[in-house]
Amino acid sequence: MAVAKLTPDRRLSPRPPAVAEREAVRTTATVVPLSAAGPAGGAPNSSVLARRLSGLLDGARTPINAVVVDVRTGRQLFARDADRPATPASTTKLVTSVAALAALGPDHRITTKVVRSGDGVVLVGGGDPTVTALPASAGRGRPAFASLADLARQTAAALKASGIRRVRVDYDATAYQGPRTAPGWKPNYIPDGEVAPVSALAVDEGRVAPGTTKKARVSDPPAAAAALFARMLTRNGVTATRGRAVMAPQGAAPLGTVQSPPLSVLVEHLMTESDNDAAEAVARQVAIKRGYQPSFAGAAQAVTDVLSELGAADGIMVNDGSGLSTRNRITPNALARLVTLAASDDRPELRAAITGMPVAGFSGTLSPPRYTTVHSAAGAGLVRAKTGTLAGVSTLAGFAHDVNGRLLAFAFMAGDGTGTVDPGRLDALAATVASCGCV
């Protein structure tokens, strides 16, 4: 297996936590040869690495399943219950992202459009989780998402050019089917704002107050999207009212369209921020591409099929794309295999699945206070990993260069949902991998 090409920020100069919080590291799909940072040394001595990791694992209140793999050779350097399935929480997003990039390609975009229908228009959702009513803002720290205001301006201009000044806005969310919540989702997820009811049409992921810290979601994202779009049309000179749920006429010419960022950018966003809504949307895109029902069950089957074709499906059983489902089960070996695959020069189209991983102590879900303790600080700037957190569950899967420049993949999985877990211990384990000169 070829050695990975990684982003230039793989070794970052230490900065105080306050600075790290203000200057989140920007992930990017740009890659450079590993040799740019110096030649990689030999793989760690597995016995020495095992002694260092075992001390942390043996002291854990909750058993931790673990694996460390040499990316260059694919050789397992350390394992403890690495083939035992565990609840993955949001490390499921690594599964979703790899499958989506493989099935759709990094340049895939999702379209939202408006078409004519009788005397009115239909707002047609394609499943883009990025559609936003918020204005563009430099330094917002997120990609340029699809603008509902831009779609309203396009539509209003087309209608006025045809002499139409009054319309009803119906809406079509039939690109998705089935239940709006997944098997294994807890009843509090939607009321608490962890995720919106999954729909092919939503604005600002169904948030009641986008752009604020409030997490509450609307109960019917498509209807709310149509109502907001009607108000935007009215502001653009076409009096509009919200209509009803319909299926748009086939072959109708669009009055306006907007698109999501490329899938590679969307994957980086959902991995860095652990965006549940985006992950579910990406999983549904895999189902649509592979001809499965665009539902939770169809997406899970499509993702599994793609991973089977990659030779990476063993040890993976999912019910959703985000990892909110408590019924998901994945082994550490499976997660490390996906990291290794995405880091390989043989599969550059998968690279966003790892360039999107948060940088320890600097960005996304690994921002401070993580990687700021005496036990984990050695991993700051050197570890990149996807986190996973549910009640009684904590997981971490990613990669690091050790002190000899060797690229190592790892996965650490703690908890079964019934007891307490300590994410800091997983951080310490990853920091041990990064700081190991284990010869």
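Guide: Two strands pair if DSSP finds at least two bridges between them. Helices (H or I, at least four residues) and strands (E, at least two) are DSSP runs, numbered from the N terminus. The model is predicted: local features need pLDDT of at least 70, side-chain atom pairs count only at pLDDT 80 or more, and totals for chains, interfaces and linings use all residues. Residues count from 1 along each chain as its sequence is written, and side-chain values use heavy atoms, without hydrogens and water.

Visitor: What is the order of the strands in the open sheet?
Guide: The sheet has 5 strands with mixed pairing. Its edge strands, β6 (239–245) and β7 (254–259), each pair on one side only. From one strand to the next, the twist averages 20°. The order is β6-β5-β4-β3-β7.

Visitor: At what angle does helix α4 run to β7?
Guide: Helix α4 (residues 148–161) lies across β3, β4 (120–124), β5 (166–172) and β7. Axes are lines fitted to C-alpha atoms, for helices over the stretch in contact (heavy atoms within 4.5 Å). Angles run from 0 to 180 degrees between N-to-C directions. For α4 and β7 the angle is about 165°.

Visitor: Which strand does helix α5 run at about 165° to?
Guide: Helix α5 spans residues 221–235. It lies across β3, β4, β5 and β6. The strand at about 165° is β6.

Visitor: How many residues apart are W185 and F296?
Guide: These rings also pair edge-to-face, 5.4 Å centre to centre with 75° between the planes. W185 is in the loop between β5 and α5, and F296 is in helix α8 (residues 296–309).

Visitor: Is F296 buried or exposed?
Guide: Buried means under 20% relative accessible area, exposed over 50%, partly exposed in between (1.4 Å probe, protein chains only). W185 has 11% and is buried. F296 has 4% relative accessibility, so it counts as buried.

Terms used: Phe/Tyr/Trp six-rings, centres within 6.5 Å; stacked < 30°, edge-to-face > 60°.
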